[in-house]
Amino acid sequence: MSNPSTPDPAFLRGLTQRRLGRRDAFRVAGLSAAGLALAACGVQGKGVARPTSSAQAQSEVEKYWAGKVKNGHVDFANWPLYMDPEHPELKKFTEQTGITVTYKEVIQETTSWFAKIQPQLAAGQSIDYDLMVVTNSIQLTQLIKLGYLVPLDHERLPNFAKNVGERYKNESFDPGNVFTVPYASGMTGIAYNPKYVTTPPTSYSALWDPKYKGKVGMMADSQEIANFGMFVLGIDPEKSTPADWEKAADKLRQQRDSGIVRKYYDQSYIDPLAKGDIWLCQAWSGDVFQKNLSDGTDLKFVIPEEGATIWTDNFMIPKSAANPVDAITLIDFFYQPPIAASLAEYINYVTPVPAAQEIIRSNAAKATGEDKKTLEMIADSPLVFPSPEVYAKLRTYRTLADSAEQKKFESIFQPITTS
Amino acid sequence: MRRLRAALTPYALIFPGGVWLAIFFVVPTVVMLSLSLQSGNVADGFVFTWNWQSYVDGLTNYHDQIIRSLVYGLAATLIQIVIGFPVAYWIAFKGGRHKSVYLFLLLLPFLVSFVLRTISWQFLLSDNGMLLGPLKNIGLLPGDFRVLATPFAVIGGLAYNFLPFMVLPIYVALERIDPRVLEAANDLYAGKFQTFLRVVLPLSLPGVFAGVLMTFVPASSDYVNASVLGGTNTTMIGNVIQNQYLVTQDYPTASALSFTLMALLLVGIFAYAKALGTEDVLEVAAR
């Protein structure tokens with residue numbers, strides 16, 4: 001018998017130390033297996049380098065387009081309300097070329113569209129579309145950087161070379177139109193409902209005016225609010241630095257926390273504006289025009305004196321497209337001035353083909369009554385054919401160079417809208 | 001041989017459910033856990049690095065939204081009990097032979113898509129809409145009064161959208177109360193109120209428990225109501241997670257937030273089940 005006051009050392013050890021049994025061994029094995037399983041779930045990167053010289057770009061083009069032939073069909077993905085529902089342009093295209101087109105309005109938002117197609121493109125699978133329209137944005141930069149887009153063969157785009165305005169030929173997000181060519185452009189400015197806003201806003205500071213407390217709508221998109229935050233501070237968004245972003249974010253937070261902003265909207269701002277839930281808001285030029293035309297509302301759109309951003313929705317062909325030749329034929333078809341005019345007449349966004357203005361004018365001269373008035377209005381609208389003075393006030397989005405910069409940008413602006 | 005078959009039967013029975021759980025629960029959970037510990041970006045890929053920083057970042061930046069989600073979920077659940085219990089009680093005891101008609105009427109609006117129902121609230125509650133417009137015109141409400149883009153709209157929307165999931169389990173629990181128990185209470189000189197408090201209410205609690213589970217969990221992780229009916233400072237954690245995945249493409253932070261939310265809800269449910277007991281609940285849920 002051991003002395004009761006000094007317990008058996010083995011007993012003590014048993015009390016104070018864990019003993020590893022068979023079960024524990026299994027547990028440890030299981031844990032390390034789980035660890036391995038966790039580590040195996042890594043997501044592979046797909047980044048590729050942008051061609052650095054024009055010779056390299058040219059060889060990429062030749063490599064891709066060699067041996068590609070016309071198949072007689074195109075699958076075209078576009079945004080809602082971005083073409084006459086009768087698709088007169090596409091019908092004409094089929095008549096002239098024999099290529100049939102399946103047109104689907106499947107793109108609602110750049111971010112969600114990117115999220116939808118990214119896994120398929122990463123796996124090199126077809127996304128079922130040969131042609132799509134994407135806005136210049138963080139996502140477009142990524143599509144280019146990840147190597148998901150076909151380098152365009154400009155020899156197959158004679159109308160583009162001939163008819164497209166110079167300013168659309170050297171956009172900062174894709175200099176030289178290596179991967180993208182413009183479909184239409186629009187401005188982000190201030191829209192207001194004159195029923196409630198009696199003095200037309202001329203400056204971004206109207207969106208910070210306490211008298212509109214709770215009646216101001218802003219966009220949820222980080223780039224859109226960032227641009228407004230910078231414009232109101234007199235910063236050119238295109239040339240902004242991270243320090244400018246912090247300043248803009250402060251200004252935007254102040255606007256939110258003093259209760260001026262009612263809500264951060266996606267494209268759904270136009271109904272609340274028409275109903276009077278909001279009185280003035282960030283808006284895209286064509287939306288206001290189309291709403292007035294379709295619902296008889298009297299909403300107004302202004303480009304503030306500080307300037308505004310112009311964005312461009314671009315044609316592009318995904319790498320996995322089945323019918324690239326047919327797709328590029330269709331792209332070029334849209335740059336014929338009569339076709340560009342017919343499209344602009346319906347969508348009321350800026351057309352990249354300046355010659356369309358004269359065609360719309362002559363169409364107006366031939367038309368009568370209500371149609372004539374509408375066509376004249378479109379031909380003279382600074383929102384469809386911006387004058388050089390308006391263009392001088394327009395800036396493009398800041399192109400974010402790499403994922404580190406993108407992450408920095410989003411981490412500054414995203415918390416503002418997801419408050 | 002027969003012995004072997006007998007031994008295998010339970011496994012064969014659990015096989016379909018087991019496979020289902022493995023594919024749709026275990027695998028996604030493991031992938032999500034793994035993603036939450038990775039670092040990198042979409043262009044260069046994500047690599048598993050035991051990167052706990054995503055949890056730190058997620059919690060420091062978005063703890064407000066997590067707490068708000070739980071508070072909104074709880075508030076919506078309480079409203080649902082207050083509204084749902086009397087409804088279930090009325091259908092179970094006063095419904096008579098039309099019970100199934102009333103149940104059908106209760107469910108009828110819910111045959112319409114969740115998102116559409118929420119958007120129609122937006123129309124109803126708009127600042128000059130059919131509800132607030134007339135009240136403002138006759139001067140009952142100040143001109144700048146609003147419901148949309150406030151926490152009340154979001155909580156109201158949540159309470160509305162998940163209401164049947166509260167009413168139905170309570171109804172089931174009430175419906176199966178043996179009328180003879182009520183008669184016995186009456187025979188023993190219990191008044192109506194006494195009977196309700198000491199017989200009906202305790203017997204209905206398992207239904208309430210199941211209802212709370214079925215509404216609190218989806219309500220706290222919902223993002224539709226906050227994005228349609230909310231405004232500034234009403235963002236819920238579901239919106240943040242959606243944004244982190246789709247807009248920022250910060251998969252690790254999104255996964256870390258999802259995992260945190262899941263863990264919080266699980267801990268809450270276990271504590272709640274422990275406090276109230278689970279056997280009756282399982283019985284009700286199984287019906």
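How many residues of chain B are in contact with chain A? Let's start there. 34 residues of chain B are in contact with 32 residues of chain A, where contact means that the C-beta atoms, placed from the backbone, lie within 7 Å.

Quick housekeeping. Residues are numbered from 1 along each chain as its sequence is written, and chains are lettered from A and ligands numbered from 1 in the order in which they are written. This is a predicted model, and local features need pLDDT of at least 70, side-chain atom pairs count only at pLDDT 80 or more, while totals for chains, interfaces and linings use all residues.

Helix H1 (2-36), strands E1 (38-41) and E2 (45-48), and helix H11 (237-246) of chain B each give two or more residues to it. Helices here are DSSP runs of H or I with at least four residues, strands are E runs of at least two, and both are numbered from the N terminus. H1(B) gives the most, five residues. By class, chain B's side has 15 nonpolar, 15 polar and four charged residues. Nonpolar is Ala, Val, Leu, Ile, Met, Phe, Trp, Tyr, Cys and Pro; charged is Asp, Glu, Lys and Arg; the others, Gly among them, are polar.

Okay, helix pairs. Staying in chain B, the axes of H2 (residues 53-94) and H9 (residues 192-220) come within 9 Å and cross at roughly 140°. Axes are lines fitted to C-alpha atoms, for helices over the stretch in contact, with angles from 0 to 180 degrees between N-to-C directions. That angle makes H2(B) oblique to H9(B); under 35 degrees would be roughly parallel, over 145 roughly antiparallel, 65 to 115 roughly perpendicular, and the rest is oblique. Their contact includes Gly73(B) and Gly84(B) of H2(B), and Gly211(B) of H9(B). It divides into eight nonpolar, eight polar and no charged residues.

Now over to chain A. Which way do H13(A) and H14(A) lie to each other? H13 (residues 337-347) and H14 (residues 356-366) of chain A have axes that come within 8 Å and cross at roughly 70°, so they are roughly perpendicular. Pro337(A), Pro338(A) and Glu345(A) are among the H13(A) residues in this contact, and H14(A) brings Ala356(A), Ile359(A) and Ile360(A). The class count is eight nonpolar, no polar and one charged.

Last bit: domains, with bounds from an automatic or database domain assignment. Chain A gets domain 1 (54-185 + 311-383) and domain 2 (187-310 + 395-417). Their centres, over C-alpha atoms, are 27 Å apart, and the contact takes 15 residues from domain 1 of chain A and 16 from domain 2 of chain A.

Notes: Contact = placed C-beta atoms within 7 Å.
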